[in-house]
Amino acid sequence: MRMKKLCKDQKGFTMIELLIAVAIMGIVASAIGVFLWFGCRQYVYTNKQIKVQMEAQTVMNQVSNLIMECNNVELDPASTADIPSSYICINKKDYLNADRSLASKADMHITSSKKITLDTSENKLYIQDMITPGAKKELLGEYITNFEVTKTKMTDDKYFVTVSLDFDYSGMKYSLTKNLEIRNRYV
């Protein structure tokens, strides 16, 4: 009788019940862990995507503004196989004659000249003032793997310029192309 009373008064969990509870907690914890891992992975991916798109848009806006406001865009004659993507944006001042007609090209002088160069070893785009002696290169953008400018003649005095940029940031590739019209008279 005393034995029956002892067996009935025992409170607690059996070993099997504890093992089942631990197994259920492990399944729930691993499901939460997988959910968090995928969330973190998606967060990192989205941040990379946003970073490369912001960089691309910023660089494209700067290059577009520079090209639209210049008179001419040309390939740098000093371009080599080491630095193939080097372009010069030139602004020439128009002089008007007394009768308000445009002066000849020989009477015009260069007011600004900016050189845009892609350094393929660093994947960086630089801009440099060509008028100021000893001017340093300034960083225009990073993560750029390709930079191309093509110029197409539309009419006698209008040119259509296409700017293409390719970016690569930690394996995240992004390409951007923009068609522009040079606003000022081509000289």
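Which residues touch the most other members of the largest nonpolar core?

**View 1. The whole chain of a predicted model.** This model is predicted: local features need pLDDT of at least 70, side-chain atom pairs count only at pLDDT 80 or more, and totals for chains, interfaces and linings use all residues. Residues are numbered from 1 along each chain as its sequence is written, and side-chain values use heavy atoms, with hydrogens and water left out. The protein chain has 2 helices and 8 strands (DSSP runs, numbered from the N terminus: H or I of at least four residues for helices, E of at least two for strands). Along the sequence, the pattern is α-α-β-β-β-β-β-β-β-β. Of the 187 residues, 28% count as buried (under 20% relative accessible area; exposed is over 50%, partly exposed in between; 1.4 Å probe, protein chains only).

**View 2. Helix α2 from end to end.** Helix α2 covers residues 15-69, 55 residues in total. Buried residues of α2 include Val-52, Glu-55, Ala-56, Val-59 and Met-60. Val-63, Ser-64, Leu-66, Ile-67 and Met-68 are also buried. An α-helix has 3.6 residues a turn, so residues three or four places apart point the same way.

**View 3. The sheet β6-β7-β8.** Three strands form an open sheet in the order β6-β7-β8, with antiparallel pairing (strands pair if DSSP finds at least two bridges between them). The edge strands, β6 (144-153) and β8 (172-181), each pair on one side only. Strand β7 (residues 159-169) is joined to β8 by 10 bridges. Asp-166 has Ser-175 of β8 as its bridge partner. Helix α2 packs on the sheet and touches β6, β7 and β8 (contact: heavy atoms within 4.5 Å). The direction of α2 makes about 20 degrees with that of β8 (axes are lines fitted to C-alpha atoms, for helices over the stretch in contact; angles run from 0 to 180 degrees between N-to-C directions).

**View 4. The largest nonpolar core.** Ile-67, Leu-125, Phe-147, Val-163 and Leu-165 touch the most other members of this 31-residue core (buried Ala, Val, Leu, Ile, Met, Phe, Trp, Tyr and Cys residues joined through side-chain atoms within 4.5 Å). Elements giving two or more residues include α2, β2 (86-93), β3 (109-119) and β4 (124-129). The largest share, 8 residues, comes from α2.

**View 5. Around Leu-165.** Leu-165 touches Val-59, Met-60, Leu-125, Ile-144, Asn-146, Phe-147, Tyr-174, Ser-175 and Leu-176, not counting residues up to four places away in sequence.

Conventions. Expected span 1.5 Å × (residues − 1).
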